[in-house]
Amino acid sequence: MSGADRRLRIVMAASEAVPFSKTGGLADVAGSLTQALDRAGHDVVLILPDYPSLRHGRPQVSAVSSTGLQFSLDMNGRAVTAGLNWATLPGSQVRVLLVSQPEYFDRTQPYGDTSGSYFDNCERFCFFSRLVPEICRKLVLQPDILHCNDWHTGLIPALLNTVYQGMKGLERTASVMTIHNLAYQGQFQDYEFPLTGMPRRYYNMYQMEAWGHLNLLKTGLAFADQLTTVSPTYASEICHTENGCGLDGVLRHRGQSLAGILNGIDEQIWDPEQDPRIPQNYSIETRKAGKAICKQQVQQSFSLRQDPDVPLVGMVTRLADQKGLDLLAAGVDRFLAEGSQLVFLGTGDRRYEQLLRDLPGRFPGQAGGCIGFDEDLAHRIEAGADMFLMPSRFEPCGLNQMYSLRYGTVPIVRSVGGLADSVIDYTGTTESLREATGFSFRDYSTDVLLQTLQRAVQAWRQPQVWDQLVRNGMKLDWSWDRSATRYLEVYQRALKNVDLRAAQGRM
Ligand code: ADP
């Protein structure tokens, strides 16, 4: 078989995947994209570290058994062994291979604890990355595509193109590297380089070194056949110095091989028609009555004035600078002084936690929320709020704006990264209303944020306009199947690179 339709053997390597482990969007992509590729008829294997204490107690995780296989690697003079467990991704035929190395991975969190990142992260993820090609060979997986994600697996494309080049079982494997957030790069001291198992000559500014450090994300960017990131706008933003986090040079150099593909959402979990976590299910037809009940419930549970005629703005977010919380901090008093309500859910930076904790006392009946991580509550806020606020400083893709659109909750976003690619601003004209799904602003300024909130509240006071915005948003398709089609195009381009390399090798 040949051509774009042939069944591909795809191995996805990631440091986390739903439902086995999750700290962020990467886990959603690894868990959902693999399923979508499986639905599209491809043969998909997902390789993850096994974090036993994270998967225990997760009812969605299917039975995990040992393959009985053992692997051993020399980690800078120390022999380290690992077992390999396997499971299936629930609801699919995707085989999941879990690298079992309790010393590295039996910890309470994947990357660090309250005192910071784990001291041995370089060693842990070099070990994981180096095991991936070994697993492919031992299990005769013969992947067409090895799809790597973020810095944790950035070493794999380098290994494929050097240490494993031409090796049986991997000689026709193409690599794809996806950036989920360029701000996290896996930068380590140069003395850790031997852990990579790579010849020292690759420690140079074009390949594995950046600004005096070993950089595992850059390594992946330099060596992979194709690169992707999680939205088209972010793909172009990161090629500029302002948003390139020091890697814009290598990204510009590889610009021809970089694609931006918007993430999908899990449409089973985020479906207002079937969501068991919200007090009233609703569809595009029953949106008004459904959302009214959900709104009332949110107002009630956070001691907000139970008034359907006050606009309710929701926020569910990590409380980090990335999310534009300094803008909110500077403008929230002025916004609430105009009478709207705000409901929030988040955890993170202490100073933002304190700001939000104090708000209900200062604006009783108008502001309420919760400091913490609570998936049930996130669903109830998405369903109950009229508007959803995401004033991010930068946002590679963002998921909450897509959940909001699906739940008929109009997003108000800063026009960056995936937010720019998924929300169409309503400018106030009849023409714009045909397609608009929300409100967006460009300047990172509190005044502009407040003006945008005012625009949204004005539109909310015009029920026909608002309802059109809600319907425009609810109609959109955010399925992973749509994203998977784009990834398959990238895979085809990566395979062409391999053909080219093979032809050059024969010459
Ligand atoms: P990021 O990955 O940068 O945090 P995304 O918007 O891509 O931002 O994804 C965040 C995910 O985490 C969403 O599914 C969001 O609902 C969820 N989330 C964030 N904070 C909380 C919280 N405090 N409680 C529940 N879910 C949260």
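Predicted model: local features only at pLDDT ≥ 70, side-chain atom pairs only at ≥ 80, totals over all residues.
Residues are numbered from 1 along each chain as its sequence is written, and side-chain values use heavy atoms, with hydrogens and water left out.

- Domain 1 puts 16 residues into the contact and domain 2 puts in 15 residues, where contact means heavy atoms within 4.5 Å.
- About 1100 Å² is buried between domain 1 and domain 2, and carbon and sulfur atoms give 57% of that area. Buried area here is the accessible area (1.4 Å probe) that two parts lose on being put together, summed over both.

- Two packed helices are described by the angle between their axes and the distance between the axes. Axes are lines fitted to C-alpha atoms, for helices over the stretch in contact, and angles run from 0 to 180 degrees between N-to-C directions.
- Helices (H or I, at least four residues) and strands (E, at least two) are DSSP runs, numbered from the N terminus.
- H10 (residues 325–337) and H16 (residues 446–460) have axes that come within 9 Å and cross at roughly 45 degrees. That makes H10 oblique to H16; angles under 35 degrees count as roughly parallel, over 145 as roughly antiparallel, 65 to 115 as roughly perpendicular and the rest as oblique.
- On the H10 side you'll find Leu327, Leu328, Ala330, Gly331, Arg334 and Phe335, which meet Thr446, Asp447, Leu449, Leu450 and Leu453 in H16.
- Sorted by class, that contact of H10 with H16 has 7 nonpolar, 2 polar and 2 charged residues. Ala, Val, Leu, Ile, Met, Phe, Trp, Tyr, Cys and Pro count as nonpolar, Asp, Glu, Lys and Arg as charged, and the others, Gly among them, as polar.
- H10 also packs with H11 (residues 350–362), at an angle of about 10 degrees and with the axes 11 Å apart, so H10 and H11 are roughly parallel to each other.
- Leu325, Asp326, Leu328, Ala329, Val332, Asp333 and Leu336 of H10 make this contact with Tyr352, Leu355, Leu356, Leu359 and Arg362 of H11. The tally for H10 with H11 is 9 nonpolar, no polar and 3 charged.

**Helix H9 against H12**

- The axes of H9 (residues 287–301) and H12 (residues 375–384) come within 7 Å, crossing at roughly 125 degrees, and that makes H9 oblique to H12.
- The crossing of H9 and H12 is left-handed.
- H9 brings Lys291, Cys294, Lys295, Gln297, Val298 and Ser301 to the contact, and H12 brings Arg380, Ile381, Glu382, Ala383 and Gly384. These residues of H9 and H12 divide into 4 nonpolar, 3 polar and 4 charged.

**Backbone spots to look at**

- Val18 and Pro19 are joined by a cis peptide bond, with omega about 5 degrees. Pro19 lies in the loop between strand S1 (9–13) and helix H1 (25–39).
- Asn76 has a positive phi, near 55 degrees, in a residue other than glycine, and is found in the loop between strand S3 (65–75) and strand S4 (78–88).
- Trp211 has a positive phi too, near 50 degrees, and is found in the loop between strand S11 (209–210) and strand S12 (213–215).

Definitions and conventions:
Left-handed = near helix turned anticlockwise from the far one by under 90°.
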